[in-house]
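Reader: I am new to reading protein structures. Could you walk me through this one, step by step?

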Amino acid sequence: MSGTPAQPAARVELRRERDVAAARLAVSKVMDALGARALRKTRFVTAVSEIARNALEHGGGGVLEVYRLERPRRIMIRCRDEGPGIADIDQAMVDGFSTARSMGKGLGGARRLVAAFRIESRPGAGTTIEMEADP
C-alpha cells in the first residue's frame, strides 16, 4: 500500500455481530482524530463495516487492525480471517456476485469507497484486505 510507517491505533477481534459495530467505532474515532471530512469518514466507515461483516460471515471471524499513516496522512485498516478463502478474487469483486444470497455489492462497493484497496486470498488459507482513506 502506501509503504510509510504506520502507527497502530486500534485492534478489534471479529467474533460476534457486535464486533462489526466496534470496528466501525474504532475507525470513526481515528478518522475524527485525523480531522476527517464527514463524507470521507462515512465512506470509509461504510467500507470497513462491509469488510468486517464479510470476515465474520464468510471467514468465521478474524481481526481488524487500524493504523494511522504519516506520509501521506491517511488511515489504513488490515482485516484478516482464516476462513475458506476466495477461489476467484476477480469474480468476487464483480457487482452481483455473492456466495450468500446477498446483493453482491460488498467487495466491489468497498473498493469504490476508499483511496487504496488490496486483497490477498487463497482457498483454504483465509483472506486479508487492506484499505486506506484520506481524512
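Author: What follows is a set of questions and answers about this predicted model.

Reader: Let's start with the big picture. In which pattern do the helices and strands follow each other along the sequence?

Author: Begin with the inventory: the secondary structure comes to four helices and five strands. Reading along the sequence then gives their order, which is β-α-α-β-β-α-α-β-β.

Reader: What share of the residues is buried?

Author: A residue counts as buried when its relative accessible area is under 20%. Among the 135 residues of the protein, the buried share comes to 45%.

Reader: And what part of the accessible surface belongs to carbon and sulfur atoms?

Author: The accessible surface of the protein is about 7,300 Å² in total. The part of it that belongs to carbon and sulfur atoms is 48%.

Reader: Among contacts with a separation of 6 or more, how many percent join residues 24 or more positions apart?

Author: Contacts can be sorted by how far apart the partners sit in the sequence. For the protein's contacts with a separation of 6 or more, the share from residues 24 or more positions apart is 64%.

Reader: Which hand does the crossing of α1 and α2 have?

Author: First look at who meets whom: residues of α1 including V20, V27 and M31 meet residues of α2 including F44, V48 and L56. The hand of the crossing between α1 and α2 is right-handed.

Reader: How are α2 and α4 oriented, roughly parallel or roughly antiparallel?

Author: The axes of α2 and α4 come within 9 Å and cross at roughly 150°. That makes the pair roughly antiparallel.

Reader: Is the crossing of α2 and α4 left-handed or right-handed, and which residues of α4 make the contact?

Author: The crossing of α2 and α4 is left-handed. On the α2 side, the contact is made by R43, T46, A47, E50, I51 and N54. On the α4 side, it is made by G106, L107, A110, R112 and L113.

Reader: Let's zoom in on E65. Is E65 buried or exposed?

Author: E65 lies in strand β2, which covers residues 62-69. Its relative accessibility is 11%, and anything under 20% counts as buried. So E65 is buried.

Reader: Which side chains make polar contacts with that of E65?

Author: One partner sits at 3.2 Å, and it is the side chain of Y67. Another polar contact, of 3.1 Å, joins E65 to the side chain of R80.

Reader: Which side chain forms a polar contact of 2.7 Å with that of R74?

Author: R74 is found in strand β3 (residues 74-81). With a relative accessible area of 16%, R74 is buried. Its neighbours beyond four places in sequence include L34, Y67, A133 and D134. The side chain at 2.7 Å is that of D134.

Reader: Is G85 buried or partly exposed?

Author: G85 sits in the loop between β3 and α3. One of its contacts is S121, and the two C-alpha atoms are 5.4 Å apart although 36 residues separate them in sequence. At 24% relative accessibility, G85 is partly exposed.

Reader: One last question: what is the peptide bond from R71 to P72, cis or trans?

Author: Most peptide bonds are trans. P72 lies in the loop between β2 and β3. The bond from R71 to P72 has omega near -5°, and it is cis.

Methods:
Residues are numbered from 1 along each chain as its sequence is written. This is a predicted model: local features need pLDDT of at least 70, side-chain atom pairs count only at pLDDT 80 or more; totals for chains, interfaces and linings use all residues. Side-chain values use heavy atoms; hydrogens and water are left out. Helices (H or I, at least four residues) and strands (E, at least two) are DSSP runs, numbered from the N terminus. Buried means under 20% relative accessible area, exposed over 50%, partly exposed in between (1.4 Å probe, protein chains only). A polar contact is a pair of N or O atoms within 3.5 Å; within protein, one must be able to donate a hydrogen and the other to accept it, and residues adjacent in sequence count only if both atoms are side-chain atoms. Contact means heavy atoms within 4.5 Å. Accessible areas come from the Shrake-Rupley method with a 1.4 Å probe; for residues, only the protein chains shown count as cover. Axes are lines fitted to C-alpha atoms, for helices over the stretch in contact, and angles run from 0 to 180 degrees between N-to-C directions. Angles under 35 degrees count as roughly parallel, over 145 as roughly antiparallel, 65 to 115 as roughly perpendicular and the rest as oblique. A crossing is left-handed if the near helix is turned anticlockwise from the far one by less than a right angle, and right-handed if clockwise.
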